[in-house]
Every structure is written in C-alpha cells, then in structure tokens.
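Me: I would like to learn how to read a protein model. Please take me through it feature by feature.

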Amino acid sequence: MSNSVNELAAKAQIDFHCLEADCAEVIKFNLADIVSKDFQAVCPKCHKAYQLDASLRDKLSRMLDLIQSIRKAEDILGDAMVSVNVAGGDVRIPYALLLTRLNTLITLDFGDRKVDFHLWIEPSSQDTFR
Ligand SMILES: [Zn+2]
C-alpha cells in the first residue's frame with residue numbers, strides 16, 4: 001500500500017514559478033510531499049522557502065486523492081472514450097489521451113496571491129496508455 005503511494009509520489013509532480021519578481025525560477029516538488037506538515041518548497045535559484053498553509057495543503061492533498069482514484073481506474077479508463085460531436089459526425093478521444101497529454105493547471109491562493117500550479121502526471125505503467 002505505502003509502496004504504491006511512493007510510486008505515485010514519484011510520478012505526480014507539481015510546479016510553480018518563484019514569486020520573487022526578479023527570479024521566476026520553476027520550483028518543482030512531489031505532490032505527495034506536501035501532506036507533510038512542515039513541508040517547504042525551496043527555490044533552487046534564489047533559495048526562497050515557501051511554506052504552504054493548511055488550506056493550500058488541503059487542496060493539494062485532495063488533488064493527490066483524485067489522482068490516486070484515477071490511477072486505480074487506469075485500466076478502465078484505458079478503454080474508455082470521450083465522444084465529441086462535430087459537424088458531420090463525432091470524434092472519439094480516449095480518456096488516456098486526456099489524462100496523459102494534457103497538463104493540468106490549477107490556480108490557487110498562495111498567501112494573498114493567485115498562483116498557477118502545473119501538475120505533471122505519468123501513468124503507472126508505460127503500457128497502460130498507448
Ligand atoms: Zn526564486
């Protein structure tokens with residue numbers, strides 16, 4: 001159980017741009033790490049440390065729950081399609097494509113600022129989504 005969580009942790013990464021005006025370096029961390037209460041994200045360039053408050057940690061940890069649920073349903077989603085009606089017929093897009101090819105962007109309040117977080121997820125197996 002904890003093994004699969006660790007495995008997921010390596011594959012669900014989140015990043016945002018440093019809020020220091022003259023820095024804007026990309027700060028990347030594992031989504032699973034943020035559940036730890038004393039977690040800090042540190043900018044690799046200017047070394048500014050970001051402490052995530054309880055509400056932000058809560059939102060991100062629920063995002064992690066969501067990813068874990070998707071992960072559990074991977075074999076089902078691998079066969080599922082989204083059907084989009086277009087002129088002259090419909091286009092079928094495998095869920096797998098939606099999950100792996102689109103990067104998720106979430107905007108959350110970070111202190112008094114709105115920050116865009118990019119979420120990077122890889123399927124647990126390279127064979128799952130082909
Ligand atoms: Zn920085």
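Me: Is Gln13 buried, partly exposed or exposed?

Reply: First, the general idea. A residue is called buried if 20 or more other C-beta atoms lie within 10 Å of its own, exposed if 12 or fewer do, and partly exposed in between, with C-beta atoms placed from the backbone. Gln13 has 17 other C-beta atoms within 10 Å, so Gln13 is partly exposed.

Me: What should I know about the model and its numbering?

Reply: This is a predicted model, in which local features need pLDDT of at least 70 and side-chain atom pairs count only at pLDDT 80 or more, while totals for chains, interfaces and linings use all residues. Residues are numbered from 1 along each chain as its sequence is written.

Me: How many helices and strands does the protein have?

Reply: Helices (H or I, at least four residues) and strands (E, at least two) are DSSP runs, numbered from the N terminus. The protein has 4 helices and 8 strands. Along the sequence they follow the pattern α-β-β-β-β-α-α-β-β-α-β-β.

Me: In what order do the strands of the open sheet stand?

Reply: Two strands pair if DSSP finds at least two bridges between them. Here 4 strands form an open sheet in the order β2-β1-β8-β7, with antiparallel pairing. The edges are β2 (26–30) and β7 (104–110); each has a single partner strand, so one side of each is left without a neighbour in the sheet. From one strand to the next, the twist averages 30°. For that angle, axes are lines fitted to C-alpha atoms, for helices over the stretch in contact, and angles run from 0 to 180 degrees between N-to-C directions.

Me: How many bridges join β1 to β2?

Reply: β1 and β2 run antiparallel and are joined by 5 bridges. One of the residue pairs is Asp15 with Lys28, its bridge partner in β2. On to the next pair of strands: β1 (residues 12–17) and β8 (residues 113–121) are also antiparallel, over 4 bridges. There, Ala12 has Ile121 as its bridge partner in β8, and Gln13 stands opposite Trp120.

Me: What do β7 and β8 form?

Reply: They form a hairpin with 2 residues between them, and Gly111 in the turn has a positive phi of about 65°. The two strands run antiparallel and are joined by 7 bridges. Ile106 stands opposite Phe117 in β8.

Me: Which residues does Gln13 touch?

Reply: Two residues are in contact if their C-beta atoms, placed from the backbone, lie within 7 Å. Not counting residues up to four places away in sequence, Gln13 touches Lys28, Asn30, Leu31 and Trp120. Gln13 itself lies in strand β1. Gln13 and Asn30 are 17 residues apart in sequence, yet their C-alpha atoms are 4.5 Å apart in space. For the protein, take contacts between residues at least 6 apart in sequence: 39% of them join residues at least 24 apart.

Me: Which strands does helix α2 lie across?

Reply: Helix α2 (residues 54–72) lies across β1, β7 and β8, and runs at about 160° to β7.

Me: Which residues make up the largest nonpolar core?

Reply: In soluble globular proteins, nonpolar side chains tend to be buried together. A nonpolar core is a set of buried Ala, Val, Leu, Ile, Met, Phe, Trp, Tyr and Cys residues joined through C-beta atoms within 7 Å. The largest one here has 7 residues: Ile14, Leu31, Ala32, Ile34, Leu52, Leu60 and Leu64. Leaving out residues up to four places away in sequence, Leu64 touches Ala12, Leu31 and Ala32. Of the 130 residues of the protein, 8% count as buried.

Me: What is the phi of Ala24?

Reply: Most residues other than glycine have a negative phi. Ala24 has a positive phi, near 60°, and sits in the loop between β1 and β2. Ala24 counts as partly exposed because 13 C-beta neighbours lie inside 10 Å. His47 is not a glycine either, and has a positive phi of about 65°. His47 is in the loop between β3 (40–42) and β4 (49–51). With 11 other C-beta atoms within 10 Å, His47 is exposed.

Me: Which residues is Glu25 in contact with?

Reply: Leaving aside neighbours within four places in sequence, Glu25 is in contact with Cys18, Cys43, Pro44, Lys45 and Cys46. Glu25 lies in the loop between β1 and β2. Glu25 and Cys43 are 18 residues apart in sequence and 7.0 Å apart in space, C-alpha to C-alpha.
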